[in-house]
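Please keep the sequence and the structure in view while reading.

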Amino acid sequence: TPASSAGVALHYYVGIYGLWQWIVLAFIVAFFGTIGDLIQSKIKRQAAVKDSGSIMPGHGGIFDRMDSIIFAAPFAYLFFTILNYVS
């Protein structure tokens, strides 16, 4: 899958954590990024708006471009915090 491929690439590029940690992180970011996108879409549907802003016309606004990262970043941070605390 693309998530595990990204984890393998990060392991060889950064090399701070082990291969399995990067693969798990890639799955966490892929999963929660998708959930963040779905939640943001639900918010827009409930508000009956097409775009969440006018700064980037045709792209849905800044919030629409950043929704995945905004939602996935705390889970990635939590994963790194747990990794550093346990090891």
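## The annotated regions

Over residues 69–86 the chain is 100% helix and 0% strand, with the end C-alpha atoms 25 Å apart. Helices, here and below, are DSSP runs of H or I with at least four residues, while strands are runs of E with at least two, and both are numbered from the N terminus. Residues 69–86 are one of two stretches that the unreviewed UniProt entry annotates as "transmembrane region", the other being residues 12–35. Such annotations may be inferred rather than shown by experiment; their positions are given in the numbering used here, and the feature names are shortened. Over residues 12–35 the chain is 83% helix and 0% strand, and the C-alpha atoms at the ends lie 28 Å apart.

The model is predicted, so that local features need pLDDT of at least 70 and side-chain atom pairs count only at pLDDT 80 or more, whereas totals for chains, interfaces and linings use all residues. Residues are numbered from 1 along each chain as its sequence is written, and side-chain values use heavy atoms, with hydrogens and water left out.

## Overall make-up

The secondary structure comes to 3 helices and 0 strands, and the pattern along the sequence reads α-α-α. Of the 87 residues in the protein, 25% are buried, where buried means under 20% relative accessible area, exposed means over 50%, and partly exposed lies in between (1.4 Å probe, protein chains only). The accessible surface comes to about 6,100 Å², and 71% of this surface belongs to carbon and sulfur atoms; the areas come from the Shrake-Rupley method with a 1.4 Å probe, and for residues only the protein chains shown count as cover.

Contact means heavy atoms within 4.5 Å. Among the contacts between residues at least 6 apart in sequence, 48% join residues at least 24 apart.

## Helix α2

Helix α2 has 29 residues and reaches 42 Å from its first C-alpha to its last, which is close to the 42 Å expected at 1.5 Å a residue; the expected span is 1.5 Å times one less than the number of residues. After α2 comes Ala-48, whose phi is positive, near 60°.

Several residues of α2 are buried, among them Trp-22, Leu-25, Gly-33, Gln-40 and Lys-44. Ile-23 also lies in helix α2 and counts as buried because its relative accessibility is 11%. Although Ile-23 and Ser-5 are 18 residues apart in sequence, their C-alpha atoms are 7.7 Å apart in space.

## The nonpolar core

A nonpolar core is a set of buried Ala, Val, Leu, Ile, Met, Phe, Trp, Tyr and Cys residues joined through side-chain atoms within 4.5 Å. The largest one here has 7 residues, namely Tyr-17, Trp-22, Leu-25, Ile-28, Ala-76, Phe-79 and Leu-83. Helices α2 (19–47) and α3 (62–86) each supply at least two residues of this core. Leaving aside residues up to four places away in sequence, Ile-28 touches Gly-33, Phe-75, Ala-76 and Phe-79.

## Phe-71 and the aromatic rings

Which residues does Phe-71 touch, not counting residues up to four places away in sequence? Phe-71, in helix α3, touches Phe-32, Ile-35, Gly-36 and Ile-39. Phe-71 and Gly-36 are 35 residues apart in sequence, yet 5.1 Å apart from C-alpha to C-alpha. Phe-71 counts as partly exposed because its relative accessibility is 26%.

Rings of Phe, Tyr and Trp (its six-membered ring) pair if their centres lie within 6.5 Å, and planes under 30 degrees apart count as stacked, over 60 as edge-to-face and the rest as tilted. The whole structure holds 6 aromatic pairs. Phe-32 and Phe-71 form a tilted pair, because their ring centres are 6.4 Å apart and their planes stand at 45°. This pair links distant parts of the chain, with Phe-32 in helix α2 and Phe-71 in helix α3, 39 residues apart. Phe-71 and Phe-75 make another tilted pair, at 5.7 Å centre to centre and 45° between the planes; they are 4 residues apart in helix α3, so about one helical turn separates them. Ring pairs link Phe-31, Phe-32, Phe-71 and Phe-75 into a cluster.
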